[in-house]
Amino acid sequence: MARMTIELPDDIVEMVAKTAEKESVPKTEVIRRMFTILRISQEEKTRGNDLGIVNGDKVVARFVGI
């Protein structure tokens, strides 16, 4: 696995730290999950699909441009 140094806005750093604490996982795991979501989004975009949040059969949010 490769190492990478990145700069993030303070609000993202805080969100990563809070999520890591809440989920009891390392911050690196939170960031891996974030990139996994981005990869899935990009793959689905090439198939003509959108990334969204679904509650039962209802789409409650759709992310455009991700």
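Let's start in helix H1, which covers residues 10–23. Glu14 and Lys18 both sit in this helix, four residues apart, and that spacing is about one turn. Keep in mind as we go that we're looking at a predicted model. The two side chains form a salt bridge, with the closest N and O atoms 2.9 Å apart. Lys18 comes out at 53%, and because the cut-off for exposed is over 50%, Lys18 counts as exposed.

While we're in helix H1, please also find Val13. We'll come back to that residue at the end.

Now over to helix H2, residues 27–46. Here Glu29 and Arg33 meet through their side chains in a salt bridge, at 3.2 Å from N to O. What separates these two along the helix? They are four residues apart, so about one helical turn lies between them.

Which residues are linked in a network here? Glu29, Arg32 and Arg33 are, through salt bridges.

Next, have a look at Glu44 and Arg47. Their side chains meet in a salt bridge as well, at 2.7 Å from N to O. Glu44 is partly exposed, with a relative accessible area of 26%. Arg47, on the other hand, has 57% relative accessibility, so this residue counts as exposed.

And how many salt bridges turn up in a search of the whole structure? The answer is five. The pairs I've walked you through are among them: Glu14 with Lys18, Glu29 with Arg33, and Glu44 with Arg47.

Which residues make the nonpolar surface patch? They are Met4, Ile6, Leu8, Val13, Phe35 and Leu38, and the patch is about 550 Å². Is Val13 buried or partly exposed? At 42% relative accessibility, Val13 counts as partly exposed. A patch residue needs over 30% relative accessible area, so Val13, at 42%, is above that cut-off.

Note on methods:
Residues numbered from 1 in each chain as written. Predicted model: local features only at pLDDT ≥ 70, side-chain atom pairs only at ≥ 80, totals over all residues. Heavy atoms only, no water. Salt bridge = Lys/Arg side-chain N within 4 Å of Asp/Glu carboxyl O. Buried < 20%, exposed > 50% of the residue type's maximum accessible area, 1.4 Å probe, protein only. Patch = residues over 30% accessible without salt bridge, like charges linked within 9 Å, V, L, I, M, F, W, Y side chains within 5 Å. Areas by Shrake-Rupley, 256 points an atom, 1.4 Å probe, with all protein chains shown as cover.
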